[in-house]
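Student: I'd like to learn how to read a model like this one, feature by feature. Could you walk me through it?

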Amino acid sequence: MRRKSIWMTLMLGVLTLSTAWFNAGVKAANSSGADLKITGKILLYTSQPDQDAQGLVSAFLKKYTQAKVEIFRSGTEEVISKLLAEAKAGSVQADVLLVADAVTFERLKEQNLLMPYRSPELAKIPKAYIDKDGMYTGTKIISTALIVNTKSVTKMPNSWRVLTDRASKGKGIMPSPLYSGAAAYTLGVLIRKDNFGWDYYKALKSNEIAITQGNGGVIKSVAAGEKSYGMVVDYMAARAKAEGSPVELIYPKEGVTAVTEPVGIVKGTKNAALAQAFVDFVLSADGQKLATQMGYTPLRAGIKAPQGLKTVKGIKVIAADISELYKNRDNDKKQFSSIFEQ
């Protein structure tokens with residue numbers, strides 16, 4: 001009888017400990033905002049390259065195995081045009097946005113198209129990259145720098161002036177601000193700086209710089225040796241070099257412009273729980289390590305930059321007031337079009 005009592009006492013003890021461990025696990029999972037059994041689907045609108053967007057979604061779905069994420073991918077300007085057209089028609093399809101820059105999100109915020117959400121992962125993201133109203137959060141640093149073909153150029157430049165130098169006439173290429181969000185941001189910032197201004201873009205035109213639709217066209221042209229110099233987003237240049245292309249990434253001495261490719265949730269999403277889980281994942285340690293593996297400079301504290309790129313602290317950033325950039329973006333594009341006859 002006594003042996004049976006001891007055995008029952010031990011079993012109750014084990015059961016109590018197991019329950020405590022289970023509850024602790026549930027508490028830990030809930031504290032991270034994670035519910036891995038969230039079901040349903042969301043539609044992601046993004047300007048990320050196809051393989052990166054697919055890689056991000058695949059990694060997310062390994063955790064949320066009962067969910068589905070569909071992707072619409074194009075250049076930022078086309079993505080936003082589609083979203084605005086849907087909003088005008090009263091039939092927005094997107095649930096989550098992951099596109100170029102804060103200026104774009106400010107436009108959507110003003111038009112009341114975003115849902116506020118403060119992810120539990122924000123504690124590890126620098127405040128400078130978090131919207132004060134919780135409408136969007138930066139996910140990575142993507143700077144626009146110089147790319148140089150090392151077969152046609154022996155002396156590496158250290159200034160943006162190489163693109164307006166007579167010796168490089170007809171040898172440069174850049175993405176169009178009418179298509180690329182990063183290029184539109186760079187245009188807006190540089191024309192508001194005393195040592196650049198519209199005169200710099202007029203000098204680019206005079207120096208016969210070529211214009212291609214997006215950054216991918218710049219990489220292709222410089223890597224192939226068709227052009228010697230390009231204005232391009234950093235991760236594409238680093239990726240091309242790592243893959244064996246004869247190119248070098250240069251951070252000019254004047255500094256570089258940088259966008260943060262924010263993530264945000266569209267107001268009216270039919271699956272807010274899954275949309276929030278997706279945002280959490282992008283900002284989490286796993287999501288930010290994935291960004292590093294893809295070749296991007298992450299924003300989350302404690303995650304290193306990929307090989308070939310500088311860290312957030314190591315980049316000299318040229319910036320301008322976001323509100324001013326937003327209010328003047330359309331006029332900036334019109335002026336660009338008039339100069340380059342685009």
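**A buried salt bridge and what surrounds it**

Tutor: Let's begin with glutamate 77, which counts as buried at 13% relative accessibility; buried means under 20% relative accessible area, exposed over 50%, and partly exposed in between, with a 1.4 Å probe and protein chains only. Before going on, some ground rules: this is a predicted model, where local features need pLDDT of at least 70 and side-chain atom pairs count only at pLDDT 80 or more, while totals for chains, interfaces and linings use all residues. Residues are numbered from 1 along each chain as its sequence is written, and side-chain values use heavy atoms, with hydrogens and water left out.

Student: Which residue forms a salt bridge with glutamate 77?

Tutor: A salt bridge here is a side-chain nitrogen of Lys or Arg within 4 Å of a carboxyl oxygen of Asp or Glu. For glutamate 77 the partner is lysine 333, with the closest N and O atoms 2.4 Å apart. The pair links distant parts of the chain, 256 residues apart: glutamate 77 is in helix H3 (residues 76-89) and lysine 333 in helix H11. Helices (H or I, at least four residues) and strands (E, at least two) are DSSP runs, numbered from the N terminus. Lysine 333 counts as buried too, at 12% relative accessibility.

Student: Which residues are linked with Glu77 and Lys333 in a network of salt bridges?

Tutor: Asp101 and Arg329 join them in the network. Aspartate 101 sits in the loop between strand S3 (96-98) and H4, and at 1% relative accessibility it counts as buried. Leaving out residues up to four places away in sequence, aspartate 101 touches Gly181, Tyr185, Val259, Pro262 and Arg329; contact means heavy atoms within 4.5 Å. Its C-alpha atom is 8.7 Å from that of alanine 258, a residue 157 places away along the chain.

Student: How many salt bridges are there by this rule?

Tutor: The count comes to 15. One of them joins aspartate 286 and lysine 63, at 3.1 Å from N to O. Aspartate 286 lies in helix H10 (residues 285-293) and lysine 63 in helix H2 (residues 50-63), so this pair ties together parts that are 223 residues apart in sequence. Aspartate 286 is partly exposed at 40% relative accessibility, and lysine 63 is partly exposed at 35%. Aspartate 131 and lysine 109 also meet in a salt bridge, at 2.9 Å from N to O, and here aspartate 131 is buried, with a relative accessible area of 6%.

Student: And how do I read a pair of packed helices?

Tutor: Two packed helices are described by the angle between their axes and the distance between the axes. Take H3 and H4: their axes come within 12 Å and cross at roughly 5°. Axes are lines fitted to C-alpha atoms, for helices over the stretch in contact, and angles run from 0 to 180 degrees between N-to-C directions. H3 and H4 are therefore roughly parallel to each other; angles under 35 degrees count as roughly parallel, over 145 as roughly antiparallel, 65 to 115 as roughly perpendicular and the rest as oblique.

Student: Which residues of H3 and H4 make the contact?

Tutor: H3 brings Thr76, Ile80, Leu83 and Leu84, and H4 brings Thr104, Arg107 and Leu108.

Student: Now a single helix. Which residues of H6 are buried?

Tutor: H6 runs over residues 197-206, and Gly197, Tyr200, Tyr201 and Leu204 are buried there. Seen down the axis of H6, these buried residues fall within an arc of 150°, so they line one face of the helix; the arc is that of the directions from the helix axis to the C-beta atoms. On the face turned away from that buried side, H6 carries the exposed residues Asp199 and Ser206. The cover over the buried residues includes strand S6 (172-175), helix H5 (181-190), strand S8 (229-233) and helix H11 (322-340).

Student: Where is asparagine 207 found?

Tutor: Asparagine 207 is in the loop between H6 and strand S7 (210-212), and it is buried, with a relative accessible area of 6%. Its contacts, not counting residues up to four places away in sequence, are Leu163, Thr164, Asp165, Arg166, Ser168, Lys169 and Gly170. Also just after H6, glutamate 208 takes a positive phi of about 60°.
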